[in-house]
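Student: Hi! Could we go through this model together? I'd like to jump around a bit.
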Amino acid sequence: MRDQIFSQENDLVDFTFDAQVADVFDDMVRRSVPGYQSMIEMIGLCVKSYGQDNANYYDLGASTGATSIALSVNNPHNNNRIIAIDNSPSMVKKCQHNLAKKIDNANVICADINTIEITNAAIVVLNLTLQFIAPKARQALINSIYQGLNQGGILIVSEKIHFNNAHKQQLMTDLHLDFKRANGYSELEIAAKRQSIENILITDDKKNHFERFKKAGFNASSCHFQCLNFASFLAVK
Ligand SMILES: C[S@@+](CC[C@H](N)C(=O)[O-])C[C@H]1O[C@@H](n2cnc3c(N)ncnc32)[C@H](O)[C@@H]1O
């Protein structure tokens, strides 16, 4: 279904992942996040190289389940369980519906990822989710993921990022706006969504991400994908 949530002038409220957003999420994310499809494909590549037999794969902030599907269809390993978690009941419902058609080894759980325990994990993915976690809670979440990963396991984090160089920040922001215009969003929709989401989606820069991985204990991390102001990081335990 096409995303037209911000197409009419309405009183602005903070963005939430409610039923209205869940209904249009697949269209919204593809028209708003440059490189989204490639991000998902990279997750598929990583499962081939870093998956492990007899281990869990976690999709944290699963939304409608695109990451879980990539983890499953590209997985050459044996005896794996995909654990998809989201705290939005509307997203969980969509995710359950989408995964039921394609995957027989998934658990879809409605929970706050700040409170769950990660166990026996070969792969944990936070695809466009960490940016919605309160900044002061982010290190604790990455620490607990590190604790739950098996040796050689990986964490993949994809995020909107900012740049401390003002010129680069402006350049990337302008190109991102052009990307949205090219995908059919009007100036009204772009401005309204930005206002609605600005207190909810808090970006880090690349250095913040690398420092957080290191502090948690990851001995290697790199940025393996970037498209404008969106980047994916791979951290190996
Ligand atoms: C941008 S979407 C993620 C997209 C999805 N990972 C993908 O690859 O298509 C962010 C998701 O994180 C979920 N979320 C935000 N905070 C959360 C939390 N504390 N616990 C669980 N899910 C959370 C939201 O409900 C939303 O579905």
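Student: Where is Gly217 found?
Tutor: Gly217 sits in the loop between helix H8 (206-216) and strand E6 (220-227). Keep in mind as we go that this is a predicted model.
Student: And is Gly217 buried, exposed or partly exposed?
Tutor: Gly217 is partly exposed, because 13 other C-beta atoms lie within 10 Å.
Student: Which residues is Tyr146 in contact with, leaving aside its neighbours within four places in sequence?
Tutor: Gly217 is one of them, and the others are Ala216, Phe218 and Lys237. Tyr146 itself belongs to helix H5 (residues 135-148).
Student: Why does Tyr146 count as buried?
Tutor: Tyr146 has 20 C-beta neighbours inside 10 Å, and the cut-off for buried is 20 or more.
Student: What separates the C-alpha atoms of Tyr146 and Ser232?
Tutor: A distance of 17 Å, for two residues that are 86 residues apart along the chain.

Student: New topic, the ligand. How many residues surround it?
Tutor: There are 20 residues around the ligand, and the closest are Phe17, Gly61, Asn87, Ser88 and Asn127. Helix H3 (66-73) and strand E2 (81-86) are the elements that give two or more residues to this shell.
Student: What does the shell look like by class?
Tutor: It has 10 nonpolar, 8 polar and 2 charged residues.

Student: What is Arg81 in contact with, beyond its sequence neighbours?
Tutor: Once residues within four places in sequence are set aside, Arg81 is in contact with Asn56, Asn105 and Asn107. Arg81 and Asp53 are 28 residues apart in sequence, and their C-alpha atoms are 10.0 Å apart in space.

Student: Let's go to the core. Which residues touch the most other members of the largest nonpolar core?
Tutor: Ala84, Ile123 and Val124 do, out of the 55 residues in that core. Strand E4 (residues 121-127) supplies the largest share of the core, with 6 residues. As background, nonpolar side chains in soluble globular proteins tend to be buried together.

Student: How do the axes of H2 and H3 meet?
Tutor: The axes of helix H2 (residues 36-50) and H3 come within 8 Å and cross at roughly 35°. The crossing of H2 and H3 is right-handed. On the H2 side the contact is made by Ile40, Ile43, Gly44 and Val47, and on the H3 side by Ala66, Thr67, Ala70 and Leu71.
Student: What's the class make-up of that contact?
Tutor: The contact of H2 with H3 has 6 nonpolar, 2 polar and no charged residues.

Student: Is Leu128 buried or exposed?
Tutor: Leu128 is buried, because 22 other C-beta atoms lie within 10 Å.

Student: Last stop, Ser90. Where is Ser90 found?
Tutor: Ser90 is in helix H4 (residues 89-102). Ser90 is buried, because 20 other C-beta atoms lie within 10 Å.
Student: What does Ser90 touch?
Tutor: Not counting residues up to four places away in sequence, Ser90 touches Asp18, Ala19 and Ala22. Ser90 and Thr64 are 9.2 Å apart in space, C-alpha to C-alpha, and 26 residues apart in sequence.

Key:
Residues are numbered from 1 along each chain as its sequence is written. This is a predicted model: local features need pLDDT of at least 70, side-chain atom pairs count only at pLDDT 80 or more; totals for chains, interfaces and linings use all residues. A residue is near a molecule or strand if its C-beta atom, placed from the backbone, lies within 6 Å of it. Helices (H or I, at least four residues) and strands (E, at least two) are DSSP runs, numbered from the N terminus. Ala, Val, Leu, Ile, Met, Phe, Trp, Tyr, Cys and Pro count as nonpolar, Asp, Glu, Lys and Arg as charged, and the others, Gly among them, as polar. A nonpolar core is a set of buried Ala, Val, Leu, Ile, Met, Phe, Trp, Tyr and Cys residues joined through C-beta atoms within 7 Å. A residue is buried if 20 or more other C-beta atoms lie within 10 Å of its own, exposed if 12 or fewer, and partly exposed in between; C-beta atoms are placed from the backbone. Axes are lines fitted to C-alpha atoms, for helices over the stretch in contact, and angles run from 0 to 180 degrees between N-to-C directions. A crossing is left-handed if the near helix is turned anticlockwise from the far one by less than a right angle, and right-handed if clockwise. Two residues are in contact if their C-beta atoms, placed from the backbone, lie within 7 Å.
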